[in-house]
Amino acid sequence: MSSPDVTAVNGLTKSGFSPLTAMILSARGMNDAAAVRKHLSCDIPLPDPYLMTDMDRAAGRVGLAMTRGEKIAVFGDYDVDGITATCLLTDFLRRLGADCVSYIPGRIEEGYGLNPLAIRQLHSQGVKLIVTVDCGITAIEEATLCRELGIDLVITDHHECKEQLPNAIAVVDPHRIDGGYPHKNLSGVGVAFKLASALAGDQEAVLQDYADMVCLGTVADVMPLIGENRVIVARGLESLRHTRRPGLAALMKECGCTPENVNATSIGYMLAPRINAAGRMEQIDLAIELFLTEDTSRAVFLARALCDLNRQRQQVESQIYEEAVAMLPGGQPPEAIVLADEGWHQGVVGIVASRMAEEYCCPTFLICLDGEHGKASSRSFGGFNLFSSLNSLSHLLESYGGHELAAGFTINRQNIGAFRQEICRMAAAFYTDEGPRTVLDVDCTVTPELLTLRGIDALNALEPCGNGCPKPVLMMRNLLIDRISMVASGRHMRLRFKDRNHIVNGIFFSSNPESASIEPGDLVDVAFQPQINEFRGDRSVQLHILDIRPSCGFECSPELGGYRRIADGTLTSEQAAHLLPDRATLGAIWRYLASAERAIREDPLCLCRKIVRWANRPLSLGQMLTCLDIFRDVGLLRYYRQQKHLHIELNTDASKADLNLSQTMQTLLQAKES
C-alpha cells in the first residue's frame with residue numbers, strides 16, 4: 001500500500017477530481033492531472049488494423065473468398081471470448097453477403113482449437129477457407145492437414161505464440177514477435193473486430209455495430225482495461241445499456257442485470273458465467289443463437305435455458321470441488337496442486353481449479369482422465385507463469401496452450417507423477433520466504449469523513465474498472481465491531497462499525513463470524529470497496545468488505561524470514577538468529593493460546609496480529625510459526641494447516657515440558673552458531 005502525495009492530491013483536486021478520487025490516483029502513482037486524464041480516456045483513436053502483422057493477407061484472402069462465392073467457416077472457441085468472436089465475424093460476413101458458417105468444437109469430444117475431425121467435416125461441406133478466432137496459434141499439424149485437403153487457413157488469435165507458427169495464409173496475433181501492433185493485450189474477439197474493421201474500411205462503423213460483443217469478450221477474458229481495450233469496453237457498456245440484440249436484452253433481464261447498472265463487474269459475475277455455461281455443459285448452440293437471433297420470444301427461451309444450464313454447472317462444480325479437496329494430502333499446503341480423476345467434467349474443472357488456486361494459494365492443475373490420457377485445466381496464483389512452465393515441461397505433455405494465468409494441456413497418465421514433481425519443484429523455486437502468497441492490494445487508508453455519497457459517486461471517473469484499472473480498494477483502521485447479523489439464509493454477514501462519532505455499515509459476502517475470526521467488540525482494520533446501497537429510494541454509504549484483520553499497535557511482520565528452511569537444513573545463521581525465540585516471546589504466545597476458550601482456527605497472519613495486540617509486543621509470522629513448532633515438538637499442542645487456516649489444539653494431558661528438547665529449537669541453536 002502506497003501513501004498518497006499530499007501536494008499531488010491537492011493538485012488533482014484543483015484539476016477537478018474529488019478528494020477521494022485524487023487520493024486513490026496519487027496512491028497508484030498517478031500524480032499529474034494531464035497524464036491521469038490521458039490514462040483514463042475512453043475516446044483515444046483506435047490504431048489502424050493494418051498495423052497488425054499479416055492483416056493485409058488475412059483481409060485479402062477473406063475478400064477474395066467473398067468475391068469468388070467460396071464457402072467460409074469461422075472456427076472459434078467455447079468460452080465467452082471465443083463465442084463473441086465467432087458470432088461477430090459470422091454476422092459481419094453474412095451481412096456482406098458471404099456464404100459463411102460457424103463452427104465451435106465440442107469441449108469434451110473435440111477439445112480446444114482446430115482438430116482433424118472438424119477440418120474433415122468442414123471439407124465435406126465444401127468449405128474453402130477457414131478463419132479461426134480466439135484459437136489456432138499452435139495448430140501446426142492442423143494447418144498442414146488443411147493444405148493437404150485444399151482448404152486455405154487464416155488464423156486470428158491472441159494467445160502466446162510458440163517459436164514455430166502454423167503454415168497458414170495469414171497468422172494475425174498481436175503477440176507475434178515480428179509484429180509492431182501497439183496494443184498487445186487484445187482479446188480474441190478484439191482481434192476478430194480488427195479483421196472485420198480491415199475488411200469494412202470503417203473501424204468506427206464496425207465498433208458501433210459490435211461494441212457490445214467485443215466488450216463482453218474482453219471483460220470475460222480478463223484483458224487489461226487500458227488503451228484500446230478501455231475505449232472498446234466503454235463503448236460496449238454504453239451499447240449494452242441500449243442493446244438492440246434481443247438475446248442480450250433477455251439475458252440481462254433474466255439474471256437481474258439492469259441496463260442502467262451494467263458494468264465490467266456485472267459482466268464478469270452475472271452475464272459471462274451464463275454464456276460460458278453453454279460451452280461448459282456442451283450446448284454451445286444456445287449461446288450462438290442467443291447472440292444472432294432476431295426473435296424476441298426465442299431470445300427469452302434461450303436466456304432462460306442458459307440460466308438453467310448455469311445452475312446445473314454450479315451443482316457439478318460443487319461436487320468436483322468436494323472430491324478434489326478430499327484428495328489433497330494433509331499437513332503443509334502443497335507448492336502446486338496436481339490432481340486427476342476419471343469422473344470429472346471437462347467443462348467445469350477450470351472453475352474448480354480457479355477456486356482451489358485462490359483458497360490454497362498455489363497454482364492448480366486438474367486433470368480429467370479418459371483411459372491412458374488426460375485433459376487438464378490449470379489456473380495460476382501469485383504471478384506464477386503457467387504458459388512458460390508448461391513450455392519448460394513440454395517433454396512430459398502431448399499438447400498445451402494458453403497464457404500465464406490460465407492454460408490447458410493433454411498428458412499421458414504415466415507422466416502425471418513426473419509432471420506433479422516437476423511443477424511443484426518449479427513453484428517452490430518461484431515463491432519466496434518473504435511473505436504470504438495471498439496479498440490484498442490496498443490503494444490507501446481513509447477515514448469515515450471521506451466516505452460521502454458525493455465522494456463515492458465521483459469514483460465513476462475511474463470507470464470502466466477491471467483488470468489493469470481495478471476498482472478502488474480502501475482501508476480503515478481501528479474500527480470497533482458494534483453489531484454482526486447474518487443475511488440471505490446465513491450466507492452473508494452484515495456488520496456495523498463505530499469510529500468515534502461515526503457509524504459505518506458493511507456487507508461481507510460468503511463469510512460468517514467463525515470464518516472471519518471476529519466477534520462484536522473486536523477492534524479491526526477493514527479492507528473494502530466503497531459503494532452506494534439503494535433501498536426503496538434511499539441511498540446510503542456501504543462497505544463491500546473484502547477482508548478483516550485485527551488491529552494492533554505494534555509491528556506484525558508478514559515475513560517468514562527463512563522459516564521454510566528449518567525443515568530442509570539450509571537455514572543461515574542470520575535467519576536462525578531472527579527466528580530463535582526468547583523466553584518472553586515463547587511465554588506471550590503460550591499464554592495467548594492457553595487463554596482461548598476453544599480450539600483455535602485462524603488465518604496464520606490473523607492469529608499473529610491477535611497475539612501482537614494481546615501481548616503488546618512485536619512479532620513476525622515466521623517467529624510465531626517457529627514457536628508453534630517448538631510447542632508441538634515437546635507435545636504441548638497439536639496443529640495442522642487446512643486451506644488458509646491453522647487448526648491448533650492444546651494438549652490438556654501434557655505436563656510442563658523442556659523446550660530445549662525441541663528438535664526445532666536445537667536446529668535453530670546449531671544454525672545460529674554455524
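Trainee: What should I know about the model before I start?
Mentor: It is a predicted model, in which local features need pLDDT of at least 70 and side-chain atom pairs count only at pLDDT 80 or more, while totals for chains, interfaces and linings use all residues. Residues are numbered from 1 along each chain as its sequence is written, and side-chain values use heavy atoms, with hydrogens and water left out.

Trainee: Okay, in what order do the strands of the parallel sheet run?
Mentor: The order is S2-S1-S3-S4-S5, in an open sheet of 5 strands, where strands are DSSP runs of E with at least two residues, helices are runs of H or I with at least four, and both are numbered from the N terminus. Two strands pair if DSSP finds at least two bridges between them. Strand S2 (99–103) and strand S5 (170–172) are the edge strands, each pairing on one side only, and the twist averages 20° from one strand to the next.

Trainee: How many bridges join S1 to S3?
Mentor: Strand S1 (residues 71–75) and strand S3 (residues 127–132) run parallel and are joined by 5 bridges; Ile72, for one, has Leu129 in S3 as its bridge partner.

Trainee: Switching topic, at what angle do H4 and H8 cross?
Mentor: The axes of helix H4 (residues 55–68) and helix H8 (residues 188–200) cross at roughly 65° and come within 9 Å. Met55, Ala58, Ala59, Val62, Gly63 and Met66 in H4 meet Lys194, Leu195, Ala198 and Leu199 in H8, where contact means heavy atoms within 4.5 Å. The contact residues divide into 8 nonpolar, 1 polar and 1 charged, counting Ala, Val, Leu, Ile, Met, Phe, Trp, Tyr, Cys and Pro as nonpolar, Asp, Glu, Lys and Arg as charged, and the others, Gly among them, as polar.

Trainee: How many cavities of 30 Å³ or more are there?
Mentor: The structure holds 2 of them; on a 1 Å grid over the protein atoms alone, a cavity is a set of points where a 1.4 Å probe fits but cannot get out, a pocket is an open set with protein on both sides within 12 Å along at least five of seven lines, and lining residues have an atom within 4 Å of a point. Grid points are joined across faces, edges and corners, and a volume is the space filled by probe spheres set on the points. The largest cavity has a volume of about 50 Å³, and its lining has 6 nonpolar, 1 polar and 4 charged residues.

Trainee: What about the second largest cavity?
Mentor: About 40 Å³ of space lies in it, and H22 and H23 each supply at least two residues of its lining.

Notes:
Axes fitted to C-alpha atoms, helices over the stretch in contact; angles between N-to-C directions.
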